[in-house]
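Here are my notes on the aromatic contacts. Please read them with the model open.

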Amino acid sequence: MSATTTGIATGVAARIRHRVPFVEGAALAVAVVVVAMAAVGPLVAPHDPYAVNLTDALLPPSAEHWFGTDANGRDVLSRVLHGARVTLPATLVVIAASTVIGVLIGTVAALGGKVVDEVLMRITDIGLSLPAIILALGLSAALGPGLSSAVIALSVTWWPGYARLARTLVREVKDAEYVDAARVLGVPQGRLIFRHILPNALNTLYVQTTVDVGAVMLVISGLSFIGVGAQVPSAEWGAMIAGEANNLTNAWWAVAFPGLALLLTALAFNLVGDWLRVRNDPTIRREAR
Amino acid sequence: MARLLLRRLVTSVVVLLGLAVVTFLMTQVLPGDPARAAAGRNATAEQVAAVAARLGLDRPLWDQFLAYMGRLLQGDLGTSVFTQRPVLEDVAAMLPSSVELVLAAMVINIAVAVPLGTYAAWRNGRAADAAARLITLLGAAMPVFWLGLMLQLLFAAQLRVLPLTGQLSFGKQVPAITGMTSVDALLGGDLAAFGDAVAHLVLPAITLAASFVAVVARTVRSSMLTALSSDYIQLARATGASELRVVVLHGLRNALVPASTILGMQLGWMLGSTVLVESVFGRTGIGAYAVTAVLQNDLYAVIGTVLVIGVVFVLANIAVDLVQLWLNPRLRHTGGRARRTARTEVPA
Amino acid sequence: MSTDPLLRVRDLRVSYPTPAGPAQVVHGVDLDLAPGERVALVGESGSGKSVTARAVLRLDPDARLSGRIELEGVDLLKLPPRRMREIRGGRVGLVFQDPLASLNPVMTIGRQVMQPLLIRGVPRKVARRRAVDLLERLGVRDAEHRADDYPHQFSGGMRQRVVIAIAVIAEPALLIADEPTTALDVRVQARVLELLRELADERGMSILLITHDLGIVAGFAQRAVVMRHGRPVETGTVEQIYTAPRDPYTKALLAAVPRIGGDVTRPLAVIGAAGEEKEGS
Amino acid sequence: MSEPLLQVRDLVKTFGGRPVLAGVSFDVAPGEVLGLVGESGSGKSTTARCVTRLTRPDSGQILLGGRDVLAAGRRELRALRADMQMVFQDPYASLNPRMTVAELIGEPLLVHGLEPDRRRRRERAAELLETVGMTAEHLDRHPRSFSGGQRQRISIARALAVEPRLLICDEPVSSLDVSVQAQVLNLLRDLRERLGLSILFIAHDLAVVYYLCDRVAVMLGGELAEIGTREQIYGDPAHPYTRSLLDAVPVPDPALARQRPSST
């Protein structure tokens, strides 16, 4: 396991009780590093990620090539740095799109009448009744391979989760006593929704979106690994791993490092998401008091 | 209770209908000519025209949809381009080994996640809780396909402890009864083959289970926390019950109710993830079949897989409802009027 | 009543670890309880009455306890966990406020009432018989069949009777009742309090009642301890407390309770920061 | 007797087939405090929710100052609501956690167009805080930094912003400690005298109702078992249910408590 993860484990053991700043700190640090990698990566990359140089094919990690080179002699470190710039934006687009669609449908279902709720929820059920990766696979096949079709396919399959979550959150708040109090005060319907119901209902949604960043990233790279997402020679982590898989035994580094980058990135967002959940989870807070 | 199941059946039918519509739309969204896609890339012009006529692609959308549904109900999912066999036959042949893999992964998932979640809740707030949470988050961050490759590299290639790929070692035979290699070996009484089949299952099952353990562990942990902070747990301790009995008999029984919903949903999601696992481990299955179909642009094979997985998903949810009824007595009564609820107070 | 008390609490202090260092919640409580005696711990929320009572059973792993809690001559604070478990349910029973939350929703009533006996090795058939008899005695009609029902099929008053059955089935010498009737309607409350009194007299069982309701204490307890901010401010027989209260806080508390037949023209007493009665604001 | 402020006629309401209100009728005169008592499930809270139109009864009529509450359209309902306000039971759930006290008290003024100017709304909110025994420094804080008693005072100040003639209190003090309960009851008594406020007071604590209410309506199974003045109901109850309730009320006096008839 990499130094950072073992570092986190020992840091955790040293901490007692509910506050585990070291874990949160480490998570935040990794997340920041990753986002920086996406932004600055290409400038820092020691080599051109796409420069093919067959004489340097499959060189092990060295001073010259920290992460070694792949079957086409390209510098794995540079490609990994570029990869962040491909995967992260695509993930954020999926998250943003699916959140907007999901929250809209969930809120309308929660605030609308019984029929509206029933219809919208059945449509959501259809979305939920298929694993995102399978529906994305189908849509990618229909729309043709490529990162953009994977993003579209994933957005279409990811929003039902948010619709269901938003509906539950809004329904809980809709019947809260302070909303009844506002109704009796004569607060009009519009203000009731946008000033009382939605701010309170949706403020915990960002916990779920943060956690989902990791999950969506994995599915996008999965689609690329299968061959329907980012196409070769793109420096997308999933595609890179697929491209080098058959050299697994003799050039492990070409497969290991892109995967490790993907793992650390997803882990960072998972940790930050989990930390946000702990902060919002009443049961834990009560225990800690 | 009956009302609950009726509602579930109605929802299931609606969902399946929805699936059919979605998959039908997929055929229409196709860039270029749907007939060519159905006939295959290198089909001649005549073949394409024949397929176009057969599928009635020239008729208005609504008629096409009705025709599509008609074929669907008779189990005609079209013909696979690269296997030249009816898609339904292919899928039926491939499904069992994927189900075998999913069930193996589910066993690992439950065996790891439930104790982990329970332990994390029991040691809530202490270092052990944070460590348990970290392990589950690591699992959730694991790219499934990459984990498979890494496990292969370590256990199969270098340590040579476990087989690298496939369902069964070369030269071993298993009677084709259920299509699940390990089960067939067992039914055939061939223990050596059973051991071999299980050995082939270990790495892919771990790979498949890894990303699901986190969700289950977190659900068990939070519902266990709620249970452990409840009055009835404190009162159970106050009767002198041992901590083990309190946590397992009282805590876990309640914590499993929400967890069983998640596990039910995961059956479908796991079947979806076989797409990533089966190709890495060179196993036959619906996942590998779907991947090949996509890469061959064999649209009807892809749609067949999507539909079958959807059906499995719906069946899994119905099974979850049945498990819920068994686990949670309150549901048994809320369906209809509770039979013997005390309507009024015993006169004071 | 025999001379040496059933329960002797001396200088009990309870504190909880928080990020900002240990926070003390109970500051030196002394309490004696004779066998068969009914004593009330009275106070408003945050007075530490509930923490004090639960300290006797050492239920809260986070709480740090100091002082002495002697039950039948044995200091519970020094007991190893195994011996402490025998005390819980065996010598001291516990009842909580919310009957719905006090019962395991996925376990039948019968099994929950039998549990204190089962874990003490009583054979299942005998335990079942004693459970059904006790439920019948406490007013659960047709207990033989109702024992197989689940908590959500019982009303609030019925559930509280089941909770009491669980607390007393193993014949404890002391029952701790933490706000046992607060969540019940007034008529059901009266009946449940009467049941507790009957059980105490029949079995010679002492009861430590924790409540904020001065009305209940007058009719139920023989002695009372008034608590405020984690300290006992006054201890005495119920007659002393109600007719000749010495502590200003006790007086103010008694004057703040609206009474049927009381004077409705003057404002109720308002309690100042130091606990004394302030002139009506 | 002047024309009653609130007239409730034959309220009927069923939830999922179960009758919750089976024909409830009563009046509240201007400046009068009417207590509505009964055990849980008697329908007293549902009655309050129907009067404020949070819940729609199946049938029946509600007149506030002669105007029909149930038939009122959106605009007219808002005008009616300026005349009747409600205080809820759970102090921790009846205030929007994300709004400051100034915004909470200012909102009714804004919504009813009583004070469009932000600064003057803030001044009016400060005045209202004073009337309920709190000070202007509380204006910029959020509900979470207040005790249960203070939160109920804020809810009352909020209700008074529109200067209603009728205040409906649904168990406002049952989750408060004795000392805090006394303060809120004193405040309600004081407001009634100073502002001539009519109050519909829903509670299960018969001693609290005795202290605050001129007349009392006893509800049983969705119907009025009995209605009468404080003296009639507590001194000479006509209905056996009322008598059994009064017998069960714990008396904070050991001498009296001992010779009470033990409940059957």
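**Aromatic rings and their neighbours**

1. Trp253(A) is buried, at 6% relative accessible area. Buried means under 20% relative accessible area, exposed over 50%, and partly exposed in between (1.4 Å probe, protein chains only). Trp252(A) is partly exposed, at 37%.

2. This is a predicted model: local features need pLDDT of at least 70, side-chain atom pairs count only at pLDDT 80 or more, and totals for chains, interfaces and linings use all residues. Residues are numbered from 1 along each chain as its sequence is written, chains are lettered from A and ligands numbered from 1 in the order written, and side-chain values use heavy atoms, without hydrogens or water.

3. Rings of Phe, Tyr and Trp (its six-membered ring) pair if their centres lie within 6.5 Å; planes under 30 degrees apart are stacked, over 60 edge-to-face, the rest tilted. By this rule there are 10 aromatic pairs over all chains. Trp252(A) and Trp253(A) make an edge-to-face pair, with centres 5.8 Å apart and planes at 80°. Ring pairs join both to Phe67(A) and Phe257(A) in a cluster.

4. In chain B, Trp269(B) and Phe313(B) form a tilted pair: 6.2 Å between centres, 45° between planes. Trp269(B) is partly exposed at 27% relative accessible area. Phe313(B) is buried at 1%.

5. Two charges sit over rings (NZ of Lys or CZ of Arg within 6 Å of the ring centre and within 35 degrees of the ring normal). Arg146(C) lies over the face of Phe154(C), 4.1 Å from the ring centre. Arg230(D) lies over the face of Tyr210(D), at 5.5 Å.
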